[in-house]
Amino acid sequence: MRLHNVFFLALFAFPFLLRVALTKRWGKTFYFAFVYALGCCVWLAWLVYVSNGVASGGGEPSLSSMFVLPGLTQVLFQTMNLCLMISWQSYALVFLVFIAFATKKKRTALEQDLIWSCLITFLFYSFFRTSQVNGWGYRYAYSFLGNLVLLSLMGWQELRRHISESRARILLESSLAIALLIQL
């Protein structure tokens, strides 16, 4: 977990932990719940300790002050953040992830958990008071970039099933060439 934001790992892991609970593996469920709850409590206590002026010199934040109902500005920021995150990725990755999302009914439980991990994390930060509209990409999405890569591989397999291998390879190679051209 991160020192300044305890939610990254918890949001990433939630669908996987929920799957463990739904399969009624109670020993693992209680162990994981205890470890995550303890970790979250320690980091939240540290965050409140630092924010209450002991280490930073002011402020009385609470957990509720970190979240807001998304208004028009927040929806605009999240849309901008999504566009920013997508623009920093390979076009093939984005296209293949869309294919994986569109065919999620065919996915295994693990693959569905990857999808839900991405969606839950992104939706959660729609209610987060501070937005990340500057910097190198959208840092709140960094926790699920690995999921996007795995999902793009699933999209690649699906694409190869629907069009020929050679046409799918042309799409991938041209996307990588465009990404390299833009980066250079």
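**Exercise 1.** Between which helices does the loop that holds Lys24 lie?

*Solution.* Lys24 belongs to the loop between helix 1 (7–22) and helix 2 (26–54). Helices here are DSSP runs of H or I with at least four residues, strands are runs of E with at least two, and both are numbered from the N terminus. The model is a predicted one, in which local features need pLDDT of at least 70, side-chain atom pairs count only at pLDDT 80 or more, and totals for chains, interfaces and linings use all residues. Residues are numbered from 1 along each chain as its sequence is written, and side-chain values use heavy atoms, with hydrogens and water left out.

Next, consider the backbone. Lys24 has a positive phi, near 60 degrees, although this residue is not a glycine. Most residues other than glycine have a negative phi. Finally, Lys24 is exposed, as its relative accessible area is 59%; exposed means over 50%, buried under 20%, and partly exposed in between (1.4 Å probe, protein chains only).

**Exercise 2.** Determine the secondary structure and the extent of burial of the whole protein.

*Solution.* Step one is to count the elements: there are seven helices and zero strands. In sequence order they give α-α-α-α-α-α-α. Step two concerns burial: of the 184 residues, 32% are buried. Step three concerns contacts, that is, heavy atoms within 4.5 Å. Among contacts with a separation of 6 or more, 71% join residues 24 or more positions apart.

**Exercise 3.** Is Ser117 buried or exposed, and which residues are in contact with it?

*Solution.* First, locate the residue: Ser117 is part of helix 5 (residues 109–124). Its relative accessible area is 0%, so Ser117 is buried. Beyond its neighbours within four places in sequence, Ser117 is in contact with Leu11, Phe12, Pro15, Phe16 and Asn147.

Asp113 also lies in helix 5. With a relative accessible area of 4%, Asp113 is buried. Residues up to four places away in sequence aside, Asp113 touches Pro15, Phe16 and Arg19.

**Exercise 4.** Describe how helix 5 packs against helix 6.

*Solution.* The axes of helix 5 and helix 6 (residues 145–162) are 10 Å apart, at an angle of about 135 degrees. Helix 5 is therefore oblique to helix 6. Axes are lines fitted to C-alpha atoms, for helices over the stretch in contact, and angles run from 0 to 180 degrees between N-to-C directions. Under 35 degrees counts as roughly parallel, over 145 as roughly antiparallel, 65 to 115 as roughly perpendicular, and the rest as oblique.

From helix 5, Glu111, Leu114, Ile115, Ser117 and Cys118 meet Asn147, Leu148, Leu150, Leu151 and Met154 of helix 6. Sorted by class, this contact has seven nonpolar, two polar and one charged residues. Ala, Val, Leu, Ile, Met, Phe, Trp, Tyr, Cys and Pro count as nonpolar, Asp, Glu, Lys and Arg as charged, and the others, Gly among them, as polar.

**Exercise 5.** At what angle do helix 4 and helix 6 cross, and where does Val94 lie?

*Solution.* The axes of helix 4 (residues 91–102) and helix 6 cross at roughly 75 degrees and come within 7 Å. Helix 4 is therefore roughly perpendicular to helix 6. The contact of these helices has 13 nonpolar, two polar and one charged residues.

Val94 is found in helix 4. Its relative accessibility is 14%, so Val94 counts as buried. Although 58 residues separate Val94 from Ser152 in sequence, their C-alpha atoms are 7.5 Å apart.
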